[in-house]
Amino acid sequence: MRMRKKPNLIPRMERCARVWITDPEEHRGHWRELMPEAEALHLELGCGKGRFTAETVASMPNTLFIAVERVPDAMVIAMERVCALDLHNVFFVDGDAAQLPTFFSPGEVDRIYINFCDPWPGNRHAKRRLTHPNFLRLYRQVLAEGGAIHFKTDNRDLFEWSLLQFPEVSFSLNAVTRDLHANGICGVMTDYEEKFHNLGTPINRCEATMEPERDREEEDTAPVEAE
């Protein structure tokens, strides 16, 4: 569903200028200068209206948080949210995942959050999924050694498909669950997540840690263990 255009969008965004990065390319390799005391740099892809962003940022005051969102009408709500809470360790970029290598230098990001991205059903749309190997290789270009992707979705088909993609690009899987909130609310929710959890939809989640990339020839010639 297309989001309704916000009235006075640009003035509203300008009122949040202290958290709005309009020249992300200029910050490439220098993001830590925005918060020299930061112990880590976390990146959220598709922050939407910013509930997850604001609550996560508030709980991690020593982490520099960059939220990337390609829909300004959603991002402005997220920016207003963090400004109202007077949070100073988060900044917003109007962009998308395909631009990450132009925004961040190699090894600059410690963690990437992907929450409830578009599942793009159908094989012909697979390359648009944010967990497609093409995107995973882009994330490898900016993640630090041992960096991780935290992925959540309510779409079971997307989740099962994604679990097969991470190892293909040398990410190891852990904390895999197909019902995150089975024993009570676990972690910070997005607005979308809360809505579907209340409807009884199980939430899928995993963490994928970047490992040294294996050579394709090595994979093809690796011995197969006997069962």
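Visitor: Which residue forms a salt bridge with Glu 213?
Guide: Arg 140 does, and the closest N and O atoms are 3.6 Å apart. A salt bridge here is a side-chain nitrogen of Lys or Arg within 4 Å of a carboxyl oxygen of Asp or Glu. Please note that this is a predicted model, in which local features need pLDDT of at least 70, side-chain atom pairs count only at pLDDT 80 or more, and totals for chains, interfaces and linings use all residues. Residues are numbered from 1 along each chain as its sequence is written, and side-chain values use heavy atoms, with hydrogens and water left out.

Visitor: Where do the two partners lie?
Guide: Glu 213 is in the loop between β8 and α8 (216-221), whereas Arg 140 is in helix α5, so the pair links distant parts of the chain, 73 residues apart. Helices (H or I, at least four residues) and strands (E, at least two) are DSSP runs, numbered from the N terminus.

Visitor: Is Arg 140 buried or exposed?
Guide: Arg 140 counts as buried, at 14% relative accessibility. Buried means under 20% relative accessible area, exposed over 50%, and partly exposed in between (1.4 Å probe, protein chains only).

Visitor: How many salt bridges are there in the whole structure?
Guide: A search finds 12. One of them joins Arg 18 to Asp 86, with the closest N and O atoms 4.0 Å apart.

Visitor: What does that pair tie together?
Guide: Arg 18 lies in the loop between α1 (9-14) and β1, and Asp 86 in the loop between α3 and β4, so the pair ties together parts 68 residues apart in sequence.

Visitor: Turning to the sheet, in what order do the strands run?
Guide: The open sheet has 8 strands in the order β1-β4-β3-β2-β5-β6-β8-β7, with mixed pairing. Two strands pair if DSSP finds at least two bridges between them.

Visitor: Which are the edge strands?
Guide: They are β1 (20-21) and β7 (171-177), each of which pairs on one side only. The partner of β7 is β8 (residues 204-210), in the antiparallel sense over 5 bridges.

Visitor: And the core: which residues touch the most other members?
Guide: In the largest nonpolar core, of 38 residues, they are Phe 104, Ile 112, Tyr 139 and Ile 149. Such a core is a set of buried Ala, Val, Leu, Ile, Met, Phe, Trp, Tyr and Cys residues joined through side-chain atoms within 4.5 Å.

Visitor: Which element gives the most to this core?
Guide: Helix α5 does, with 5 residues.
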